[in-house]
Amino acid sequence: MRITQNMMSNIFMSNLRRQTEAMLERQEQIASQKRINRPSDDPSGMGRVLGGRSSLSAIGQYTDNIKQGKTRLEFMEQTLKLTDELVQQARRIAEEKSGGDVTAAERSFAAEQVKEIYDQVMQLANSRFGGRYMFAGYQTDEAPFTRDADGTASTADDYTAAYNGDSGSFQIPIADNVKVSVDADGRNYFGDGSSGVFSELQKLINGLENTDLTAGTAQIQATVDPLEAAHVQIMNKRSEGAPKQYRLEASEQYWANFKSKVQEAMGRDEDADITRVAVELNNIKIAYETSMAAAAKIIQRGLVDFLG
């Protein structure tokens, strides 16, 4: 078979085109530092990379949920701690002002203190996190507790509280089909108004303001044990937060470790070995230049033979 000048030219052009494409591919890998820049570079590898990206997206969402949940638990703990301090302060007032030698003026002053405590506890019970009420169950857009007062001087404020929420809980998704549940039913923390913290504070106020000091003494004394029970209830609810916080922290650490593993696996598929690619690029350039030089000589010689 006779090799014509045209055939040699086509072979050289094909080789040069292939070498040019190889150089461009290596240059793109060096610029992007990625071995896979499009699905056609490695279809199976790109499939694994896309799966890894999906996993990282889910990990990011779970991590955000966990961080928000931890912050909520911390905020709730601080809220309950302040509430507990106020309840204990009210109990101390009840103990101190229940004696028969306490004057009406002293009880009147103490009543104002308890009213302040009542309002502070009401404010804490209506705390919001992220713009939503924490102790309202699922009714997060409505204040869970309200008090019976019209603010006019002609009508006595009876300090009756009412619960407006439901029995819902706050769910923290930490994995696929796994959630940490945080009790958001305010009744389990503060009572429903007819019983619990607000009810006992109301009774204490009534006892301190009773003009019949003997009857008032009995009313005040009757609130000491229930206020202690309210303190214990709040402490019990506070204790529920610690294991939930630990679980969230453990989950956060798990996802941090898993994220690192996913990124390593993606890197093996997707990231380019820059040193190796640079060596390959240099070798291809040498081969390209050699091919160009050989092509020039053969094509030039063919042209001389044709003219001769």
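Which residues is L208 in contact with, leaving aside its neighbours within four places in sequence? I started my notebook there. I found I93, K97, R107, S108, A110, A111, V114 and I220. I keep in mind throughout that this is a predicted model.

**Entry: the chain as a whole**

I then stepped back to the overall layout. The chain holds 7 helices and 6 strands. I read the order of elements from the N terminus as α-α-α-β-β-β-β-β-β-α-α-α-α. The chain has 308 residues, and 37% of them count as buried. I also looked up how far apart in sequence the contact partners sit. Taking contacts between residues at least 6 apart in sequence, 71% join residues at least 24 apart.

**Entry: the nonpolar core**

I went back to L208 and asked about the core. In soluble globular proteins, nonpolar side chains tend to be buried together. Here the largest nonpolar core has 48 residues. L208 is one of those that touch the most other members, along with V121, F190, F198, L201 and L204. I listed the elements that give two or more residues to this core: helix 2, helix 3 (104-125), strand 4 (161-163), strand 5, strand 6, helix 4 (187-190), helix 5 (197-209) and helix 6. Which element gives the most to this core? Helix 2 does, with 11 residues.

**Entry: the largest pocket**

Next I looked for empty space. Rolling a probe the size of a water molecule over the atoms shows where such space is left. The largest pocket has a volume of about 180 Å³. I wrote down its lining: Q68, R72, F129, G130, R132, Y133, G137, Y138, T140, S169, F170 and A184. Three elements each supply at least two residues of that lining, namely helix 2 (43-96), strand 2 (132-133) and strand 5 (169-175). By type, I noted 5 nonpolar, 5 polar and 2 charged residues in the lining.

**Entry: the second largest pocket**

I moved on to the second largest pocket, which has about 150 Å³ of space. Its lining has 14 residues, and the closest to its centre are L73, R238, E240, G241 and A242. Helix 2, strand 6 (178-183) and helix 6 (213-270) each give two or more residues to the lining. Which element gives the most? Helix 6 does, with 7 residues. The lining of this second pocket divides into 6 nonpolar, 2 polar and 6 charged residues.

**Entry: Q245**

I stayed on helix 6 and picked Q245, which lies in it. Is Q245 buried or exposed? Its relative accessibility is 15%, so I count Q245 as buried. Not counting residues up to four places away in sequence, Q245 touches K70, L73 and E74. L73 was already in my notes as one of the residues closest to the centre of the second largest pocket.

**Entry: the hairpin of strand 5 and strand 6**

I checked how these strands pair. Strand 5 and strand 6 run antiparallel and pair over 6 bridges. A175 stands opposite V178 of strand 6. The hairpin has 2 residues between the strands. What is the phi of N177? It is positive, about 60 degrees, although N177 is not a glycine. N177 lies in the loop between strand 5 and strand 6. I count N177 as exposed because its relative accessibility is 75%.

**Entry: R128**

I looked up R128 and found it in strand 1 (residues 128-129). How far apart are R128 and F75? In sequence they are 53 residues apart, and in space 9.5 Å, C-alpha to C-alpha. Leaving aside neighbours within four places in sequence, R128 is in contact with F75, Y133 and M134. Y133 also lines the largest pocket.

**Entry: D119**

My last stop was D119, which is found in helix 3. D119 has a relative accessible area of 31%, so I put it down as partly exposed. Which residues does D119 contact beyond its neighbours within four places in sequence? I found R147 and Y159. D119 and R147 are 28 residues apart in sequence, and 9.2 Å apart in space, C-alpha to C-alpha.

How values were computed:
Residues are numbered from 1 along each chain as its sequence is written. This is a predicted model: local features need pLDDT of at least 70, side-chain atom pairs count only at pLDDT 80 or more; totals for chains, interfaces and linings use all residues. Side-chain values use heavy atoms; hydrogens and water are left out. On a 1 Å grid over the protein atoms alone, a cavity is a set of points where a 1.4 Å probe fits but cannot get out, and a pocket is an open set with protein on both sides within 12 Å along at least five of seven lines; lining residues have an atom within 4 Å of a point. Grid points are joined across faces, edges and corners, and a volume is the space filled by probe spheres set on the points. Helices (H or I, at least four residues) and strands (E, at least two) are DSSP runs, numbered from the N terminus. Ala, Val, Leu, Ile, Met, Phe, Trp, Tyr, Cys and Pro count as nonpolar, Asp, Glu, Lys and Arg as charged, and the others, Gly among them, as polar. A nonpolar core is a set of buried Ala, Val, Leu, Ile, Met, Phe, Trp, Tyr and Cys residues joined through side-chain atoms within 4.5 Å. Buried means under 20% relative accessible area, exposed over 50%, partly exposed in between (1.4 Å probe, protein chains only). Contact means heavy atoms within 4.5 Å. Two strands pair if DSSP finds at least two bridges between them.
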